[in-house]
Amino acid sequence: MENFPVINLENLNGEARKATLHQIEDACQNWGFFELVNHGIPLELLDTVERLTKEHYRKCMEKRFKEAVSSKGLEDEVKDMDWESTFFLRHLPTSNISEIPDLSQEYRDAMKEFAQKLEKLAEELLDLLCENLGLEKGYLKNAFYGSRGPNFGTKVANYPACPKPELVKGLRAHTDAGGIILLLQDDKVSGLQLLKNGQWVDVPPMRHSIVVNLGDQIEVITNGRYKSVEHRVIAQTNGTRMSVASFYNPASDALIYPAPALLEQKAEDTEQVYPKFVFEDYMKLYATLKFQPKEPRFEAMKAVNSF
């Protein structure tokens with residue numbers, strides 16, 4: 001198996017820019033995932049977010065999780081739950097960090113600063129995708145903008161050690177519904193896997209890296225040139241895995257459709273295969289079909305439009 005793509009963003013500044021853009025293009029076309037190093041987010045901030053996330057889980061969430069799963073039992077295979085403990089933060093269009101109970105002020109401040117850095121990085125990445133696609137700078141950000149700007153939020157998850165990992169998934173296989181996802185993951189406990197050529201491939205834990213993956217909306221806008229990729233989290237017997245995943249998504253009222261310039265580029269051999277829809281409508285469908293293949297979701301949105 002070829003190596004998981006690791007991209008050094010520092011190389012964009014200089015002679016290696018062209019080769020780095022090619023690496024990103026290859027990762028977007030063939031993996032749907034890549035890992036960033038030298039991404040510009042201060043390493044001390046990453047260490048602080050990791051420390052405070054793990055502290056918060058131990059103090060506020062571990063007991064609740066154990067009580068919840070003890071009532072379930074693990075006698076047979078469990079297909080309707082995930083072995084994870086989570087909470088969600090919203091950053092844009094308005095923040096709810098001040099409303100989340102049990103967070104220390106230090107943790108709130110760190111997550112606000114982290115979100116600001118990630119928002120900037122997400123928008124830089126979207127412009128790099130535009131450059132590779134031959135779209136004007138800012139096209140993807142504008143496509144996501146709607147009337148109030150993008151939806152941007154963070155899912156903070158811990159995947160505790162599991163006594164019977166063969167009976168339950170940490171997180172069942174799915175593609176992400178939104179735009180571009182930036183993940184700070186545990187650098188010691190693994191578990192995240194993506195599906196490539198019919199095989200599950202580990203996303204390697206790497207200290208201070210940011211893992212990037214593409215959501216369904218990027219697949220639609222690129223008319224399938226870039227694909228969202230199915231991924232899952234395997235429950236592990238050894239240790240708790242931390243995951244801080246931030247989702248830079250279209251506005252609820254953003255109208256999503258394949259970029260006309262990409263359809264024109266390949267007009268001779270491409271019919272428009274992806275639908276046009278309002279992002280909120282897609283999310284309503286996704287809420288009920290998250291753990292099923294994405295293709296029927298796209299077909300359902302086409303059917304809605306045909307009326």
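**Pocket, cavity and ring contacts in a predicted model**

The UniProt annotation "domain: Fe2OG dioxygenase", taken from an unreviewed entry, covers residues 150–250. The structure described here is a predicted model, and over residues 150–250 of that model the chain is 48% strand and 6% helix, with the end C-alpha atoms 5 Å apart. Over residues 104–131 the chain is 96% helix and 0% strand, and here the end C-alpha atoms are 41 Å apart.

Empty space in the model was examined next. Rolling a probe the size of a water molecule over the atoms shows where empty space is left. The largest pocket has a volume of about 720 Å³, and its lining is made up of 33 residues, of which Phe88, Lys155, Ala245, Phe247 and Asn249 lie nearest its centre. Several elements contribute to this lining, with at least two residues each coming from β3, β4 (151–159), β5 (169–174), β6, β10 (231–234), β11 (241–249) and α7. Among these contributors, strand β4 gives the most to the lining of the largest pocket, namely seven residues.

The structure also holds one cavity of 30 Å³ or more, and the volume of the largest cavity is about 40 Å³. The residues that line the largest cavity are Leu46, Glu50, Leu184, Gln185, Asp187, Met206, Arg207 and His208. Helix α2 (43–72) and strand β6 (180–185) each supply at least two residues of that lining, and β6 likewise supplies at least two residues to the lining of the largest pocket.

Attention then turned to contacts between aromatic rings. A pair of aromatic rings is described by the distance of the centres and the angle of the planes. The structure holds eight aromatic pairs. One of them is formed by Phe87 and Tyr107, whose rings are 6.5 Å apart from centre to centre with 80 degrees between the planes, an edge-to-face arrangement. This pair links distant parts of the chain, since Phe87 is in strand β3 (residues 85–92) whereas Tyr107 is in helix α3 (residues 105–133), and the two are 20 residues apart. Phe87 and Tyr107 are both buried. In another pair, the ring centres of Phe277 and Tyr282 lie 5.2 Å apart and the planes meet at 20 degrees, so this pair is stacked. Because residues under 20% relative accessible area count as buried, Phe277, at 3% relative accessibility, is buried, and Tyr282, at 0% relative accessibility, is buried as well. Ring pairs join Phe277 and Tyr282 with Tyr274 and Phe298 into a cluster.

Tyr282 also belongs to helix α7 (residues 279–289), where the buried residues are Phe279, Tyr282 and Tyr286. Seen down the axis of α7, the buried residues fall within an arc of 55 degrees, so they line one face of the helix. The face of α7 turned away from this buried side carries the exposed residues Lys284, Ala287 and Thr288.

The backbone was considered last. Most residues other than glycine have a negative phi, and most peptide bonds are trans. Against this background, a cis peptide bond joins Leu92 and Pro93, with omega at about 5 degrees, and Pro93 is placed in the loop between β3 and α3. The loop between β3 and α3 also holds Asp102, which has a positive phi of about 75 degrees although it is not a glycine. Asp102 counts as partly exposed, at 47% relative accessibility. A positive phi, of about 50 degrees, is likewise found at Asn38, which is not a glycine. Asn38 is located in the loop between β2 (33–37) and α2, and with a relative accessible area of 40% this residue is partly exposed.

Note on methods:
Residues numbered from 1 in each chain as written. Predicted model: local features only at pLDDT ≥ 70, side-chain atom pairs only at ≥ 80, totals over all residues. Heavy atoms only, no water. Phe/Tyr/Trp six-rings, centres within 6.5 Å; stacked < 30°, edge-to-face > 60°. Helix = DSSP H or I, 4+ residues; strand = E, 2+ residues; numbered from the N terminus. Buried < 20%, exposed > 50% of the residue type's maximum accessible area, 1.4 Å probe, protein only. Arc of directions from axis to C-beta. 1 Å grid on protein atoms, 1.4 Å probe; cavity = no way out; pocket = protein on both sides within 12 Å on 5 of 7 lines; lining within 4 Å. Points joined across faces, edges and corners; volume = space filled by probe spheres on them. UniProt positions renumbered as here; feature names shortened; annotations may be inferred.
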